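Hello,

Here is the structure I promised to hand over. My notes on it follow below.

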Amino acid sequence: MNKIQKRIVLALLFMMIICLIVLYEVQISYNKVITTNYSIITNEINNSVNLAIISDLHDNQIGDNNKDLINQINSLSPDIILVVGDIVNSDSKDSKIVTNLMKQLSKDNQVFYSLGNTDIDYIESGTSDLVKELENIGVTVLDNEYKDININGNNIRIGGMYAYAFGLNDNNDVDKDTMEEGVFDFLTDFQDTDNYKIMMAHRPDSFIFGNASQVWNIDLVVSGHNHGGQVVLPFIGGLYGGDQGWFPKYDKGLFDLNKIKILITSGLGSGKQKLPRFNNPPEIVNLYLSK
């Protein structure tokens, strides 16, 4: 074998190794679920609260019938579970994957669900009434709605919304006249409480842009949508994130943004994207609230 042939063989071996690494990273990015832990200390909580947060399953199945996912969530012994949208795809043939998952989780847990864009598209397609199906198995669906609950002696207000929390004007400032109908009044009512306030908002961009995070008095916004940037590049982070575009600043994690803390999960799947998830394992968020 001459030098040219050796170089060709080495180049082919190198390319093969790179391809295997890429395939492996894509595989674990849909199937090897991890738990990410966060904690928030606040004077508005007297006794600790344990929350499990998931989003963006997109009909992915982690283990047979999502048993691996269910077992890992239940192992956290959450006080409540927050599901922040996009569990089905826009073109899902039915809702069996999401309803089976929610039915299993609801056996031992109180589950709250807010809608994401693919949930809304699925409902509008007329395939089935997802909200009614979820409510029939004991899930509380919140869409421009909120519910006051008591957990471990703590009064907590949990809301859910998909709309932008700002106006569609030149600066994206909060403006009742240019906001989606009813959203200004909903948020005004939602913040009018001494309870600890959690808003499930599928798109973190809803509170990132304009002056929304300066205006609204909300303790915590919980979001998904950005899939952690979908492709996570070493030393750089997420590649693309919703309205934030390329290399989003707020791809996943817990952020302080003016009046609001925003917790963004990278989610559990991705649906039909131009690029698959890469270096980005499915994520369950375990959040502890304490004093």
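Start at arginine 157, which stands opposite lysine 197 in S8. Strand S7 (residues 154–161) and strand S8 (residues 196–201) run parallel and are joined by six bridges. Strands here are DSSP runs of E, at least two residues long, and helices are runs of H or I, at least four, numbered from the N terminus. Two strands pair if DSSP finds at least two bridges between them.

The model is predicted: local features need pLDDT of at least 70, side-chain atom pairs count only at pLDDT 80 or more, and totals for chains, interfaces and linings use all residues. Residues are numbered from 1 along each chain as its sequence is written, and side-chain values use heavy atoms, without hydrogens and water.

Helix H6 (residues 183–190) packs on the sheet and touches S6, S7 and S8 (contact: heavy atoms within 4.5 Å). Its direction makes about 170° with that of S7. Axes are lines fitted to C-alpha atoms, for helices over the stretch in contact; angles run from 0 to 180 degrees between N-to-C directions.

The sheet is open, with six strands in the order S6-S7-S8-S9-S15-S14 and mixed pairing. Strand S6 (145–151) and strand S14 (253–257) each have a single partner strand, so one side of each is left without a neighbour in the sheet. Neighbouring strands are turned by 20° against each other on average, direction ignored.

Best wishes
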